[in-house]
Amino acid sequence: MTTDSRGGGSGGGTDGGTGGGHGRGALTALHLFLVWAAMTAAVPMLGFGVVAAAWSGGAAPVFAVAVPLTLALLVLAGLPARTVVPMCGSRSGLVGWAALVFALGTIGILAGLAAYTGDVDLGSAGTRIALTGVPYAVAAAFFVPGRWVRPAALAVLAAAVAYGGFVGPARAERQQDEAELARYREHKELLFLGDAPAGMRVSRAQVGPTDFTVEYRPVRESYVSGYAGLAVRRVFTPELRCPEPVKDRTCAVGADGVMKLVDEFPDGARKVTLARRIGNVEVTVGDGTADEPLLRRLLATLHSLSDAELEKLRQEKVITLR
């Protein structure tokens with residue numbers, strides 16, 4: 001009889017402890033849900049009201065009224081947690097808890113805004129609204145004593161910091177990079193490049209909707225002068241033709257399909273410009289001088305701009321969109 005009595009008492013104690021644990025866990029979940037729901041409803045309205053009032057020059061009065069109302073809402077959300085959160089056991093402690101949760105959660109909101117303005121993807125409008133209550137629920141979780149609640153809150157905080165500070169910006173930068181590459185490749189039929197002449201490099205390139213221009217200048221420009229230019233433009237005439245004749249200019253299209261224009265100047269100087277067709281685009285090269293072999297080498301080495309070459313030009317910041 002004595003043994004049975006002890007066994008029954010032990011079993012009853014276990015059931016009571018388990019039931020109490022489940023009840024405490026449910027109350028904790030309800031507490032955090034109420035904080036999340038209350039702030040998800042209040043913070044967007046608070047932010048909208050402050051921004052709208054700022055446009056009219058009266059943000060301070062709105063802020064002075066809205067913040068106490070939000071704190072009162074947090075106090076109401078904390079009432080069911082008086083047995084779960086020791087700080088909420090007294091009236092002054094409950095008010096202090098609400099102020100701390102509001103302050104810490106608002107820091108999280110500001111961090112989220114900073115990430116969002118840095119092009120970090122935070123989902124759709126509905127998702128962003130739902131996320132406004134999360135920093136406050138996480139802050140509230142740190143005031144709940146327990147084996148799992150605080151570590152879980154710390155894990156959520158660490159995940160948010162990792163995403164907002166590292167993963168999100170890296171993804172945003174990659175998406176921006178892909179979007180920029182797509183814009184460069186939007187008119188890829190124009191992107192032809194000739195190998196830079198000896199001692200020269202690409203100093204500037206511009207991509208437009210109807211043309212692509214490249215400038216070549218000496219690597220050591222401060223010591224050596226020189227220039228060569230390449231222009232690619234879309235054409236609609238069926239074949240390469242010389243322009244209308246003008247004084248002191250000669251033009252001829254050779255058997256190799258290259259058009260040669262020579263401008264004669266009164267001082268005896270000559271300027272040679274060469275052009276050829278590639279599909280439905282026309283490539284023109286000139287250097288302001290009569291260095292025809294250099295220009296013919298440029299035309300002979302024409303090729304489609306590769307991804308590696310485009311990336312190099314972007315890294316060197318010599319290519320731009322027009």
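Predicted model: local features only at pLDDT ≥ 70, side-chain atom pairs only at ≥ 80, totals over all residues.

Reader: Okay, which residues of helix α7 are buried?

Author: In α7, residues 292-300, the buried ones are Glu-292, Leu-294, Leu-295, Leu-298 and Leu-299, where buried means under 20% relative accessible area, exposed over 50% and partly exposed in between, with a 1.4 Å probe and protein chains only. They cover an arc of only 160° around the axis, which puts them on the same side of α7; the arc is taken from the directions from the helix axis to the C-beta atoms.

Reader: And what do they pack against?

Author: The buried residues of α7 pack against the strands β3 (211-218), β4 (228-234), β6 (259-264), β7 (270-278) and β8 (281-286), with contact meaning heavy atoms within 4.5 Å. Helices (H or I, at least four residues) and strands (E, at least two) are DSSP runs, numbered from the N terminus.

Reader: Switching topic, how many salt bridges are there?

Author: The count comes to 16 salt bridges, each being a side-chain nitrogen of Lys or Arg within 4 Å of a carboxyl oxygen of Asp or Glu. One of them joins Asp-211 and Arg-322 at 2.3 Å, N to O, and this pair links distant parts of the chain, with Asp-211 in strand β3 and Arg-322 in the segment after β10 (319-321), 111 residues apart.

Reader: Is Arg-322 buried, exposed or partly exposed?

Author: Arg-322 counts as partly exposed, because its relative accessibility is 46%.

Reader: What about Asp-263, which partner does its side chain have?

Author: Asp-263 forms a salt bridge with Arg-249, and their closest N and O atoms are 2.8 Å apart. Asp-263 lies in strand β6 and Arg-249 in strand β5 (residues 249-253), so the pair ties together parts that are 14 residues apart in sequence. Asp-263 is buried at 13% relative accessible area, whereas Arg-249 is partly exposed at 32%.

Key. Residues numbered from 1 in each chain as written. Heavy atoms only, no water.
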